[in-house]
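Let's walk through this one together, piece by piece. Have the viewer open and turn the model as you read.

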Amino acid sequence: MSDALVARLLGPVGPEIGCEECFAELDRYVELELADGDAEAAVPGMRAHLHGCPACAEEHASLRDLAASPPA
Amino acid sequence: MSTGPAVSVGRVSTAPGRGAENQRWLDALNGSGPQRDAAVAELHGLLLRAARFEVARRRPALGHLRGEEPGDIALQAADDALVSVLARLADFRGESRFTTWAYKFALLEAAVALRRRAWQGREIPLEPERWPLFAGGELAAGAGPEQRELLRAVVAAVDRALTPHQRRVLLAVVLDDVPIDVLAERLGTTRGALYKTIHDARVRLRATLAEGGFDV
């Protein structure tokens, strides 16, 4: 438990983008992930941000799952 | 808040058929008359699908919602997202499907609304509730000597190296799981500004620990 809390307090290692840039790039990043492209190379710092920001991580997971699901 | 060096990001090649579909959306939404009305209605339907998807995804944790409230939240999120999408059409760069780009606005609106609804009427403690447990070592049960030493150093760095604002924001979001949008609303600031506060606090914590000889 304490390991996880320390990790969350210290956050990701290395450069990361902010929430605004994350939102701006999220659709492109998700489609690259779904196409097995190198999403991190296209949007450097996105993966670190998703590790450090719970809200953006939730929205990333939702968009990835929604984009991967066929329309009803 | 890009913290690294500027990096040139190449454009994503357009998948066959995607460009034409994206252009169809842009032409229709930038047009006028019945064609535009139909496109707006189609877009609203997509946004409502996304908002309902987000509400359904969070439904198990939304025991506080009653009756029609989930549907109302989804509809309001779709309405708000429609306004945002139409206002930002010029920002769409065609680097993804138009639908994926539009979906993210509805997901954001729904997620923010649900987080705020979950914290409606709840006070955000001025002093983080779990910090005394953490600082007192009660969460370190079973940790080895090296881990305990790191924990003591982290506690000391949080208490001494951070500004009061950095400490409050970091501990509220990380330790007490206050959603960053909710905290931003209560403090009268933005999510981006608060995340920068968290980022700066983390940089300071890591620097302080490194000065103390920890490899973090």
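This is a predicted model: local features need pLDDT of at least 70, side-chain atom pairs count only at pLDDT 80 or more; totals for chains, interfaces and linings use all residues.

Now zoom in on what touches what. On the α2(B) side you'll find B:Leu43, B:Leu46, B:Leu47, B:Ala50, B:Ala51, B:Glu54, B:Val55 and B:Arg58. Facing them from α4(B) are B:Thr99, B:Ala102, B:Tyr103, B:Ala106, B:Leu107, B:Glu109, B:Ala110, B:Ala111 and B:Leu114. Sorted by class, this contact comes to 13 nonpolar, one polar and three charged residues.

Which residues have the most contacts inside the largest nonpolar core? They are B:Leu47, B:Ala51, B:Ala106 and B:Ala110, in a core of 71 residues. The element that gives the most to this core is α4(B), with 13 residues. Pick B:Leu47 and look around: setting aside its neighbours within four places in sequence, B:Leu47 is in contact with B:Ala78, B:Ala81, B:Leu82, B:Ala102 and B:Ala106.

α6(B) and α9(B) pack with their axes 10 Å apart, at an angle of about 125°. That angle makes α6(B) oblique to α9(B), and their crossing is right-handed. The α6(B) residues in this contact are B:Ala153, B:Val154, B:Ala157, B:Val158 and B:Ala161, and they meet B:Arg204, B:Leu205, B:Thr208 and B:Leu209 of α9(B). The tally here is seven nonpolar, one polar and one charged.

While you're on α6(B), find B:Ala156, which is part of that helix. Is B:Ala156 buried or partly exposed? It counts as partly exposed, because it has 14 other C-beta atoms within 10 Å, and a buried residue would need 20 or more. B:Ala156 also shows how the chain comes back on itself in sequence terms: B:Ala156 and B:Leu205 are 49 residues apart in sequence, yet their C-alpha atoms are 9.6 Å apart in space.

Keep going to α7(B). Its buried residues are B:Arg168, B:Val169, B:Leu170, B:Leu171, B:Ala172, B:Val173 and B:Val174. What do they pack against? Their partners within chain B are α5 (131-135), α8 and α9, and they also pack against α1 (2-10) of chain A. So this helix is a handy way across to the other chain, because its buried residues pack against elements of both chains.

Step back and take in the whole contact between the chains. On chain B, 44 residues are in contact with 34 residues of chain A. The helices of chain B that each supply at least two residues to this side are α2 (33-58), α4 (98-118), α6 (145-161), α7 (164-174), α8 (180-187) and α9 (191-211). By class, the side of chain B that touches chain A has 26 nonpolar, eight polar and 10 charged residues.

What about chain A itself? Its secondary structure comes to five helices and zero strands, and its pattern along the sequence reads α-α-α-α-α. The C-alpha trace of chain A spans about 40 × 25 × 20 Å along its principal axes. Of its 72 residues, 44% count as buried. Among contacts in chain A between residues at least 6 apart in sequence, 66% join residues at least 24 apart.

A:Asp36 has a positive phi of about 60°, although it isn't a glycine. A:Asp36 sits in the loop between α2 (19-34) and α3 (39-42) of chain A, and it counts as exposed because it has 7 C-beta neighbours inside 10 Å. In chain B, look at B:Asp177, another non-glycine with a positive phi, here about 55°. B:Asp177 lies in the loop between α7 and α8 of chain B. With 10 C-beta neighbours inside 10 Å, B:Asp177 counts as exposed too.

Technical notes: Residues are numbered from 1 along each chain as its sequence is written. Chains are lettered from A and ligands numbered from 1 in the order in which they are written. Two residues are in contact if their C-beta atoms, placed from the backbone, lie within 7 Å. Helices (H or I, at least four residues) and strands (E, at least two) are DSSP runs, numbered from the N terminus. Ala, Val, Leu, Ile, Met, Phe, Trp, Tyr, Cys and Pro count as nonpolar, Asp, Glu, Lys and Arg as charged, and the others, Gly among them, as polar. Axes are lines fitted to C-alpha atoms, for helices over the stretch in contact, and angles run from 0 to 180 degrees between N-to-C directions. Angles under 35 degrees count as roughly parallel, over 145 as roughly antiparallel, 65 to 115 as roughly perpendicular and the rest as oblique. A crossing is left-handed if the near helix is turned anticlockwise from the far one by less than a right angle, and right-handed if clockwise. A residue is buried if 20 or more other C-beta atoms lie within 10 Å of its own, exposed if 12 or fewer, and partly exposed in between; C-beta atoms are placed from the backbone. A nonpolar core is a set of buried Ala, Val, Leu, Ile, Met, Phe, Trp, Tyr and Cys residues joined through C-beta atoms within 7 Å.
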